[in-house]
There are 2 protein chains.
Amino acid sequence: MSSLVMTSDQILASARNFIVSGGYNGFSYADIAEVVGVRKASIHHHFPSKVDLVRTLVARHRERTEVSMADLESKFPDPLALLQTYAGYWAKCIEDASVPFCVCALLASELPALPPEVAVEVRAYFRSLSSWLTKVMNRGAEQGILKFAGSAELEAETFMATVHGAMLSARANGNPALFDAILTPTVQRLSAKVH
Amino acid sequence: MSSLVMTSDQILASARNFIVSGGYNGFSYADIAEVVGVRKASIHHHFPSKVDLVRTLVARHRERTEVSMADLESKFPDPLALLQTYAGYWAKCIEDASVPFCVCALLASELPALPPEVAVEVRAYFRSLSSWLTKVMNRGAEQGILKFAGSAELEAETFMATVHGAMLSARANGNPALFDAILTPTVQRLSAKVH
DNA sequence: TGAAGTCTACCTACTAGAAGGTAGACAATG
DNA sequence: CATTGTCTACCTTCTAGTAGGTAGACTTCA
């Protein structure tokens, strides 16, 4: 805890950027060392192994997401506004290229080849996000603000799939705006209001 | 062309399996050598470099997909049946674990870190698939068989995003059936028939 | 027809460099 | 003075890729 910006946080941030761009096997300790400006051995001091590093990263990502979601719910009681804000958050991250992909979505695609300790955390993130979305869908249906044909669980999974798929399409097309182009009508379609 | 099953085809098939499970950097020539039962040097004989191997794999995947799609169109003139068959094809591949993920979807997620020669081919696959889907959406709307609010292009991109996102959700949840659970209502929603 | 040359597919053995990781010395600092 | 963070210097294993060679099938042509 010497400098203002802690080295361990810089290491985590750099690891996240690398993973978001090329996955678990797409970077090395040497890559991070160069970005952060320390030696490889110093990274091992903070995170003894690559598994430790990525497990910590994913666990922290889930915790922060859970806090953000609780935060969002207190600010926007309306379930439709909640979905709009969630989609809008990612639209902004993708369009300003600050976080062009979800780190857990990328790791989930490599799940069968991931070290088990990391895989566990990635699955936990997906469970956490889908249970939050299910809650939102349920509340929206009860309040007559959202409408959908199937169960809240299925609608939550479908919404999540569309979000992650839209990230992929935006990336594959080299067109960040495509994310919002897909998400805005998708959220709108869930609205119970005539449109 | 000595044996019945060509070694180069076995190499490509093995590479596809590895990529589908862990991405471009998730396997080595040694891994393939072990599966196919030849030495590393023999793989270099067929595919001088890893870039050659994966570029060939993706290019062939696109060509075969294009042929399959043309084939499908001649068998099923109905645009709705076309979408159902396409979704059903993937549902089968995922559920019997023969091809649990689209090789191009996985590579697209790693696009920024991919060798340029491979990245070009992956983008070509996405363009090819989305232009086919756009064609189907357009025809469906003209014939009054499909109905959707926005443009055919956007509907095609949204459908593609849902397919790829559903693959990811099925993988993250360790539940192959989730793919079909998401896709069946998604296709149904596009039907112009009352339901 | 059979010898010479060529081609394909594979092999063993090797390389340089990158991977993740370790041991131990040296500062700073509370 | 003990803890924390960093360093240099190293290790082992794996990486893609190369060098050079062998066995056998196919061609060419005297």
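In these legends, two residues are in contact when heavy atoms of theirs lie within 4.5 Å. The model is a predicted one, in which local features need pLDDT of at least 70 and side-chain atom pairs count only at pLDDT 80 or more, while totals for chains, interfaces and linings use all residues. Residues are numbered from 1 along each chain as its sequence is written, chains are lettered from A and ligands numbered from 1 in the order in which they are written, and side-chain values use heavy atoms, with hydrogens and water left out.

View 1. Leaving aside neighbours within four places in sequence, A:Leu82 is in contact with A:Leu72, A:Glu73, A:Phe76, A:Trp132, A:Val136 and A:Arg139. A:Ala172 is 90 residues away from A:Leu82 along the chain, and their C-alpha atoms are separated by 27 Å.

**View 2. A:Ser128 and the residues that it touches.** A:Ser128 belongs to helix 7 of chain A, which spans residues 116-142. With a relative accessible area of 19%, A:Ser128 is buried. When residues up to four places away in sequence are not counted, A:Ser128 touches A:Arg62 and A:Glu66.

**View 3. The loop residue Ala97 in chain A and in chain B.** In chain A, A:Ala97 lies in the loop between helix 5 and helix 6 (103-109), and its phi is near 60 degrees, a positive value in a residue other than glycine. In chain B, B:Ala97 is found in the loop between helix 5 (79-95) and helix 6 (103-109), and B:Ala97 likewise has a positive phi of about 60 degrees although it is not a glycine. B:Ala97 counts as exposed because its relative accessibility is 52%.

View 4. Apart from neighbours within four places in sequence, the residues in contact with B:Ile32 are B:Ile11, B:Ser14, B:Ala15, B:Phe18, B:Phe27, B:Ile43 and B:Leu53. The C-alpha atoms of B:Ile32 and B:Glu66, which are 34 residues apart along the chain, are separated by 27 Å.

**View 5. The interface between chain B and chain A.** Here 35 residues of chain B are in contact with 35 residues of chain A. The area buried between the two chains is about 2800 Å², of which carbon and sulfur atoms give 65%; buried area is the accessible area (1.4 Å probe) that two parts lose on being put together, summed over both. B:Ser109, B:Leu168 and B:Ala172 supply 18% of the area that chain B buries against chain A, more than any other three residues.

View 6. Chain A has nine helices and zero strands, and 50% of its 195 residues count as buried. Its C-alpha atoms fill a box of roughly 60 × 35 × 30 Å, taken along the principal axes.

Methods:
Helices (H or I, at least four residues) and strands (E, at least two) are DSSP runs, numbered from the N terminus. Buried means under 20% relative accessible area, exposed over 50%, partly exposed in between (1.4 Å probe, protein chains only).
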